[in-house]
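Please read the points below with the structure open beside you, and look for each element as it comes up.

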Amino acid sequence: MLRPAFFAVLLTLPAGAQSARPADLIVTNARIYTVDDSRPVVTAMAIRDGRIAFTGSAREAIALKGTATRVLDAGGRTIIPGMVDAHAHLLGLGQSLRSVALYGAKSYDEVIARVVARAKGIPAGQWILGRGWDQNQWGDTRFPTNEALSRALPNNPVYLTRVDGHAGLANAAALRAANVTAATKDPSGGRIERTPSSEPTGVFIDNAKGLVEQSIPSETREEARAEIRAAIAESQRWGLVGLHDAGESRPVIDLMEEMAKAGEIPFRLYVMIGDDSAAVAHYLARGPQSGLYDNHLWIRTIKLYADGALGSRGAALLEPYTDDPANTGLLVSAPAHIQAVATRAPRAGFQVATHAIGDRGNRLVLDAYEAALKTVPVADHRFRVEHAQILNHDDIPRFAALGVIPSMQAVHQTSDMYWAGARLGQGRLLGAYAWRSLLETGIVVPNGSDFPVEAVNPLLSFHSAVARQDAENWPSGGWMSEQRMTRDEALKSMTIWPAFAGFQEATMGSLSPGKLADFVILDRDIMTVAERDILGTAVIATYIGGKPVYERAALP
Ligand SMILES: [Zn+2]
């Protein structure tokens, strides 16, 4: 029986709502940032069949309550749309969860100690893998050499990937297993670090990493499946409902599809195809795939690489590195190749996304895209540049002019700011991590973390985007603070802008009626708390398709 107050509410509702089917879930008593300009902040919402049915007041939402409806009192907490990382590596995260974590190690000795601790119980001869070392965080910021690692671990091949994934360190046993000697030549687009007598030091840059990596036994399909599961669970814990996976091989994408088909991908997985000619030919022939298996998998993008990374001096620069005057970085693929793929892909309905960090890398990609789009004039191509990290002043307006999306990772700015000036000099910093300059040209800047290069927590990039300060609030006022985003922009950069970059804005990216009910409950209001309190925010729950996939503690 209806109570009078409830009856009165019904009378004031629009005609359609009264006859609508009841909601599955009604959330009340929340501060909901919808990222929907028509109703930006509401206190309640209703969800039906995995989608948003209504946003507005509790009084209106409760009219959609039926006998089986769950009503969730959010206790005044903040809700935002589910966050999406527009550039990350899902399998890489799964592998790094399994391998030795070297992130944050303050010295080479600490790196070695962490590997030694893991090596206990691992049989001799078995490979030990680690990830995350960063010599820029050590007292001695030169690249390490293998001797100390080899002495500490003489019986197992050890291979440790640098934090940016663009360099690897092998011990003597790994060098032997890979059969790399002083006679081994540098491959194109790669460099073996050497002693004065040409002996490999153990560090391999960019394409040279393959010399060691090809000797590492590949993981089994079941191991990869477990890693993907673990990486999704870890992502959900931090409020992510999906990511754009910046390049996987065909076997991995096939595995992801098999899992999605079986309902084992509770995530919005936008996976890019790694640059392998057979894989690219296969997927182009199949055609673009969007929202497969009930909006869990997208395969419609080809990932290319123009250059390396700044930390390992592999990013291609127009002028030499300030701290390495003979070096202008590395091109890891020929510009003609990028242009050829960017010509072929849109003909088949595919997007292209190219890694470019240095100003020369970025210019070459824009040139290649421009030439390709002259041949194949597709209006809505949404070509992307991944990172777009260091831009020459003249190239900033070209993104908007060509309709190219700069897919950036704000957290790289706060990780790199301590040494970026040494690499680039002050003049080039003006075009580095320059998201404000890009936004001013009228385009969107999807945000990401590039995990496992950085930590998974998407609020690290949210905080970097708005504060341009590290977790200790350094430097005061922010690094090159004229490039800061507003909080509204930063929220969009993790929700609706990634959706746009993935052709998903009709179904994702905001809490709008009809869209997928993907949202996050936070313990504080990231849109209003002091900047220094943003990183203390905890995710209370993550919902995908109206269902909780992560809960810190059971909610009523
Ligand atoms: Zn990446």
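1. Two strands are said to pair if DSSP finds at least two bridges between them. This is a predicted model, and in it β4 is joined to strand β5 (residues 51-56) by five bridges, the two strands running antiparallel. One of the facing pairs sets Ala-46 opposite Phe-54 in β5. The two strands form a hairpin with two residues between them, and Asp-49 in that turn has a positive phi of about 55°.

2. Are the residues of strand β4 (residues 44-48) mostly covered or mostly open? The strand is mostly covered, as five of its five residues are buried. Ala-44, Ala-46 and Arg-48 point one way from β4, while Met-45 and Ile-47 point the other way, and the residues on both sides are buried.

3. Met-45 leads on to the nonpolar core. In soluble globular proteins, nonpolar side chains tend to be buried together. The largest nonpolar core here has 169 residues, of which Met-45 and Ala-306 touch the most other members. Helix α14 (residues 359-375) gives the largest share of this core, seven residues. Domain 1 (4-76) and domain 2 (94-213) both contribute residues to the core, so it lies between them.

4. Ala-306 deserves a separate look. Leaving aside its neighbours within four places in sequence, Ala-306 is in contact with a list of residues that includes Ala-316, Leu-331, Val-332, Ile-338, Thr-354, His-355, Gly-361, Leu-364 and Val-365. When viewing the domains, please also note that the C-alpha centres of domain 1 and domain 2 lie 55 Å apart.

5. Strand β2 (residues 31-33) runs antiparallel to β3 and is joined to it by two bridges, with Val-42 in β3 as the bridge partner of Ile-32.

6. Another open sheet of six strands, likewise with mixed pairing, has the order β9-β10-β11-β12-β14-β13. The edge strands are β9 (100-101) and β13 (190-194), each of which pairs on one side only. At one end of this order, β13 and strand β14 (residues 200-206) pair in the antiparallel sense over four bridges, and Ile-192 stands opposite Phe-204 in β14. Helix α5 (residues 108-119) lies across β9, β10 (128-133) and β11 (158-162), and runs at about 150° to β10.

7. Met-480, which is placed in the loop between α19 and α20, has a positive phi of about 45°. Is Met-480 buried, partly exposed or exposed? With 17 other C-beta atoms within 10 Å, Met-480 is partly exposed.

8. There are also cis peptide bonds to examine. One joins Phe-451 and Pro-452, with omega about 10°, and Pro-452 lies in the loop between α18 (435-440) and α19 (458-467). The peptide bond from Trp-474 to Pro-475 is cis as well, with omega near -10°, and Pro-475 lies in the loop between α19 and α20 (487-493).

9. The last point concerns a pair of helices. Two packed helices are described by the angle between their axes and the distance between the axes. The axes of helix α4 (residues 90-98) and helix α9 (residues 221-237) come within 8 Å and cross at roughly 95°, which means that α4 is roughly perpendicular to α9. The residues that meet include Leu-90, Leu-93, Gly-94 and Leu-97 in α4, and Ala-224, Ile-228 and Ala-231 in α9.

How values were computed. Residues are numbered from 1 along each chain as its sequence is written. This is a predicted model: local features need pLDDT of at least 70, side-chain atom pairs count only at pLDDT 80 or more; totals for chains, interfaces and linings use all residues. Domain bounds come from an automatic or database domain assignment. Two residues are in contact if their C-beta atoms, placed from the backbone, lie within 7 Å. Axes are lines fitted to C-alpha atoms, for helices over the stretch in contact, and angles run from 0 to 180 degrees between N-to-C directions. A nonpolar core is a set of buried Ala, Val, Leu, Ile, Met, Phe, Trp, Tyr and Cys residues joined through C-beta atoms within 7 Å. A residue is buried if 20 or more other C-beta atoms lie within 10 Å of its own, exposed if 12 or fewer, and partly exposed in between; C-beta atoms are placed from the backbone. Angles under 35 degrees count as roughly parallel, over 145 as roughly antiparallel, 65 to 115 as roughly perpendicular and the rest as oblique.
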